[in-house]
Amino acid sequence: MKSTIVKFTAKPEHATSFAATLKEAQAATQKEAGNHEIKVFVSKADSNVFFVYERWADKAAIESHDKEPHTQKLMQIGQTALATAPDFYFLGDTNPLPDRSKSANADDELFIIFFIFKFDPAYRKQILAQFEDHITNTRKEEEGNILFDLYTVDGQEDTLAVYEHWRKESDVWDIHFHQPYAMKTGKLLEEAVDGDLKQYMNFVTEI
């Protein structure tokens, strides 16, 4: 399995129409044999910024997707609609592997985070080991957590990506960050990460 995250920044005057084009592409992508999941999000902080999360059977499925008419249409429209070139993150699974065994309840508010951060590569092994413990405990102990995955980024030894779903925002700030394993991770990241951690946090809403 291979996952991708793509970040699009639209020009304000094109944001609404580009969001509609993303949804059209999502519907077509869901019909592709190699696609296992695709979700489209908009940033809570900036309505011109969109994230697409995709999970694929393998790298060949991604290469096939790139040739599809709906993908080509999206990229063509993006030449006019986007303020900057898209940011593509081709991801690799880490331990524990991505887990989709939990699902949202009808009354969940849903708080979704993309945390894509850069760090001193000397800390890479230590960060991966700490997140393995962190994620294992979060999934097991915290009822408020629905999804918590960590990914490497192909070709970027100094970058990792975290993808999280929570039942409500307070599950993160009031409960999760006060757990011993989360506090240990936070302390490590404060040493290893370039700059303030908050600059790498993207809070999004699914559209």
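Visitor: What is the volume of the largest pocket in this structure?
Guide: In this model, which is predicted, the largest pocket has a volume of about 450 Å³. It is lined by 24 residues, and those closest to its centre are F177, G186, L189, L197 and M201. Two or more lining residues come from each of β5, α4, β7, α6 (180-192) and β8 (201-206), and the largest share, seven residues, is given by α6.

Visitor: What makes the other space, the one lined by D99 and R139 among others, a cavity?
Guide: The word cavity is used because a 1.4 Å probe fits there but cannot get out, whereas a pocket is an open set of points. The structure holds one cavity of 30 Å³ or more, and about 50 Å³ of space lies in the largest cavity. Its lining consists of D99, S101, K102, R139, N145, I146, L147 and F148, with the largest share, four residues, coming from β6.

Visitor: Why is strand β3 described as largely enclosed by the rest of the structure?
Guide: A residue counts as buried when its relative accessible area is under 20%, and eight of the eight residues of β3 (residues 49-56) are buried, so the strand is largely enclosed by the rest of the structure. This holds for both faces of β3: V49, F51, Y53 and R55 point one way, F50, V52, E54 and W56 point the other way, and all are buried.

Visitor: How do you know that β3 pairs with β1 and with β2?
Guide: Two strands pair if at least two bridges are found between them. Strand β1 (residues 2-9) is joined to β3 by eight bridges, and strand β2 (residues 35-43) is joined to β3 by seven, so each of the two meets the condition for a pair. Both pairings run antiparallel. A hairpin of five residues joins β2 to β3.

Visitor: What makes the sheet a barrel?
Guide: Eight strands close into a barrel, with antiparallel pairing, in the order β1-β3-β2-β8-β5-β7-β6-β4. From one strand to the next, the twist averages 30°.

Visitor: How do you know that helix α2 packs on the sheet, and which strands does it touch?
Guide: Contact requires heavy atoms within 4.5 Å, and helix α2 (residues 59-66) touches β1, β3 and β4 (87-93), with a direction that makes about 130° with that of β3. Helix α4 (residues 124-141) also packs on the sheet, touching β5, β6 (145-153) and β7, and its direction makes about 165° with that of β6.

Visitor: Why is the aromatic pair of F114 and Y163 called stacked?
Guide: Among the 17 aromatic pairs that the structure holds, the pair of F114 and Y163 has ring centres 4.9 Å apart and 10° between the planes. Ring centres within 6.5 Å make a pair, and planes under 30 degrees apart count as stacked, so the word applies here. F114 lies in strand β5 (residues 111-118) and Y163 in strand β7 (residues 156-166), so the pair ties together parts that are 49 residues apart in sequence.

Visitor: How do you know whether F114 and Y163 are buried or exposed?
Guide: The cut-off for buried is under 20%; F114 has a relative accessible area of 0%, and Y163 likewise has 0%, so both are buried.

Visitor: What makes the pair of F117 and F119 tilted?
Guide: The planes of F117 and F119 stand at 50°, with 5.9 Å centre to centre. F117 and F119 are both buried.

Visitor: Which residues form one aromatic cluster together with F114?
Guide: The cluster consists of F41, F51, Y53, F114, Y151 and Y163.

Visitor: Why is H134 called buried, and what is it in contact with?
Guide: H134, which is found in helix α4, has a relative accessible area of 4% and is therefore buried, as the limit is 20%. Leaving aside neighbours within four places in sequence, H134 is in contact with F148, H176, Y181, A182 and T185. The C-alpha atom of E63, 71 residues from H134 along the chain, is separated from that of H134 by 33 Å.

Terms used: Residues are numbered from 1 along each chain as its sequence is written. This is a predicted model: local features need pLDDT of at least 70, side-chain atom pairs count only at pLDDT 80 or more; totals for chains, interfaces and linings use all residues. Side-chain values use heavy atoms; hydrogens and water are left out. Buried means under 20% relative accessible area, exposed over 50%, partly exposed in between (1.4 Å probe, protein chains only). Rings of Phe, Tyr and Trp (its six-membered ring) pair if their centres lie within 6.5 Å; planes under 30 degrees apart count as stacked, over 60 as edge-to-face and the rest as tilted. Axes are lines fitted to C-alpha atoms, for helices over the stretch in contact, and angles run from 0 to 180 degrees between N-to-C directions. On a 1 Å grid over the protein atoms alone, a cavity is a set of points where a 1.4 Å probe fits but cannot get out, and a pocket is an open set with protein on both sides within 12 Å along at least five of seven lines; lining residues have an atom within 4 Å of a point. Grid points are joined across faces, edges and corners, and a volume is the space filled by probe spheres set on the points.
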